[in-house]
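User: I am new to this structure and would like to be taken through it carefully, one question at a time.

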Amino acid sequence: LSNVAFMLPVMKIADNYGRKKMYMAVLLLNALSAFMCAIATHIDWILIWRLIQGASAAMIFSTGVAIVTSIVPSSRRGSALGVVASCVYIGLTLAPAVGGYLTEYIDWRAVFYFQVPIVIGLVIFIHCTLKGEWRNPDKTGFDYTGTVLFGGFATCFVIGLSMLPDLLGLILTLLSLMLLITFIWHQSQSTAPLIRVQLFKENRVFSVSLATSFFMYGSNFALLFLLSLYLQYIKGYTPAFSGKILLLQAIMMAIVAPFAGKLSDRFQARVVASIGCVIALSGYIIMQQLDPTTDALVVSIALVLIGLGFGLFSTPNNNAIMSAIPASQVGVASASMNLGRTVGNLVGMSIVNLIIHFYLGNKLMSSQTSSELMASISMALTMSLVFVVCACILSIFRGRQTSY
């Protein structure tokens, strides 16, 4: 929720006052919130500090990509974004395994403590080695009304979807759509908008690439969340062993992403990214066969295919987004790129919440509720398959990429 709500406003601030300065500040905020989660004595405090950590993550992802795009020539942008993606996926590769071991052999608090020294070390490293600052030459006004409208949309949308099918959930969901429409109208009228909505009409590659990202990541977040439950509650594997299986997808993405970035510098994004979408689709088709007797090898093969597909898709698609608009709007492009990914995750996760609520209600997840959990997983995997089919169609027909 906070990741989505703060994505556009903080990127606007970073464009005005300096992306490196913002990047370092929010890394420290991330470390602080992780530490406060670790020492929390009540779940409410964990939720509050996770909200803050989500806001800092919005700033980290958007600002980091904007800095890289600012310092790398357009002819090598794909390769640079490929390295960025590979670093992200290496982190995702290590995280499930490390998190599984920390939880199994120490406790859950160790997962939060573990982050703090790493992030502080990063801030020191950036301060000593990354020279210079990047911001827009002309400082623009800040759209407070747009920020409130977008934050209201994100809040009502997340809470509303989580409460469906209750009446209050329906009301909040409808209210979120009204707020989104109002936000779009306000942005079209504002002299200093958070995002110039005319971009979506003027640039087909930009808008369709964002939509493709939405569907791809909407399918993937739900998959990883549910597979974790499937492997532990239905198959009975330990958290550490489940983490090893889940990291197969991230390993493939980390290996393939740099090569995909180089390919996107030479070929049209729709070619490379669309091939990736189709390969990922084959993995999701295999996932449709999932049941309580499915062997771990079958799950592993499907995750390898999905990881290969995502590795081929993500960097070319990101390159298409970042290359589609002028350098003066690189911050907006970066925020939009991450917003497409995050909103996709948000929608996918919210639909999964709704599915689990339908099948499980308020029952605790355990071996006794494995049949309900399996029904939830099957329904959610079908949703993911539909999302990827939509992504394939959009990617193929996105149009020809032109770089600024």
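Analyst: Before we start, one term is needed: a residue counts as buried when its relative accessible area is under 20%, as exposed when that area is over 50%, and as partly exposed in between. Please also keep in mind that this is a predicted model.

User: Is Ser376 buried or exposed?
Analyst: Ser376 is found in helix 14, and leaving aside neighbours within four places in sequence, Ser376 is in contact with Ile355, Ile356 and Tyr359. The relative accessibility of Ser376 is 1%, and because the cut-off for burial is under 20%, Ser376 counts as buried.

User: How are helix 11 and helix 14 oriented relative to each other?
Analyst: Helix 11 covers residues 269-287 and helix 14 covers residues 370-396, and the two pack with their axes 9 Å apart at an angle of about 160°. Because angles over 145 degrees fall in that class, helix 11 and helix 14 are roughly antiparallel.

User: What is the handedness of the crossing of helix 11 and helix 14, and which residues meet there?
Analyst: On the helix 11 side, the residues that meet helix 14 include Arg270, Ala273, Cys277, Leu281 and Met287. Their counterparts in helix 14 include Leu381, Leu385, Val388, Cys392 and Ile396. As for the handedness, helix 11 passes helix 14 in a crossing that is left-handed.

User: Which residues touch the most other members of the largest nonpolar core?
Analyst: The largest nonpolar core holds 100 residues.

User: What is the handedness of the crossing of helix 1 and helix 6?
Analyst: The axes of helix 1 (residues 2-17) and helix 6 (residues 144-163) come within 8 Å and cross at roughly 160°, so the two helices are roughly antiparallel to each other. Val4, Ala5, Leu8 and Pro9 in helix 1 meet Thr147, Phe150, Gly151 and Ala154 in helix 6. The crossing of this pair is right-handed.

User: How are helix 9 and helix 10 oriented relative to each other?
Analyst: Among the residues of helix 9 that meet helix 10 are Asn220, Leu223, Leu227 and Leu231, while the helix 10 side includes Pro239, Ile245 and Gln249. The crossing of the two helices is right-handed. The axes of helix 9 (residues 204-234) and helix 10 (residues 239-266) come within 9 Å and cross at roughly 150°. That angle makes helix 9 and helix 10 roughly antiparallel.

User: How far apart are the C-alpha atoms of Thr238 and Val208?
Analyst: Thr238 has its place in the loop between helix 9 and helix 10, and at 36% relative accessibility Thr238 counts as partly exposed. Thr238 and Val208 are 30 residues apart along the chain, and their C-alpha atoms are separated by 41 Å.

User: How far apart in space are His357 and Ser162, C-alpha to C-alpha?
Analyst: His357 is placed in helix 13, residues 330-360, and is partly exposed at 34% relative accessibility. Not counting residues up to four places away in sequence, His357 touches Leu164 and Pro165. Along the sequence His357 and Ser162 are 195 residues apart, whereas in space their C-alpha separation is 8.7 Å.

User: Is Thr173 buried or exposed?
Analyst: Thr173 lies in helix 7, residues 167-189, and touches Cys156, Gly160, Leu161 and Leu164, with residues up to four places away in sequence not counted. The relative accessible area of Thr173 is 13%, and because this is under 20%, Thr173 is buried.

User: Which element of the protein chain has the lowest mean pLDDT?
Analyst: The chain averages a pLDDT of 82, and 94% of the residues score at least 70. Where pLDDT is low, the predicted coordinates should not be read in detail. The highest mean among the elements, 90, belongs to helix 5 (residues 109-129), and the lowest, 71, belongs to helix 8.

Note on methods:
Residues are numbered from 1 along each chain as its sequence is written. This is a predicted model: local features need pLDDT of at least 70, side-chain atom pairs count only at pLDDT 80 or more; totals for chains, interfaces and linings use all residues. Side-chain values use heavy atoms; hydrogens and water are left out. A nonpolar core is a set of buried Ala, Val, Leu, Ile, Met, Phe, Trp, Tyr and Cys residues joined through side-chain atoms within 4.5 Å. Buried means under 20% relative accessible area, exposed over 50%, partly exposed in between (1.4 Å probe, protein chains only). pLDDT is the predictor's confidence in each residue, from 0 to 100. Helices (H or I, at least four residues) and strands (E, at least two) are DSSP runs, numbered from the N terminus. Axes are lines fitted to C-alpha atoms, for helices over the stretch in contact, and angles run from 0 to 180 degrees between N-to-C directions. Angles under 35 degrees count as roughly parallel, over 145 as roughly antiparallel, 65 to 115 as roughly perpendicular and the rest as oblique. A crossing is left-handed if the near helix is turned anticlockwise from the far one by less than a right angle, and right-handed if clockwise. Contact means heavy atoms within 4.5 Å.
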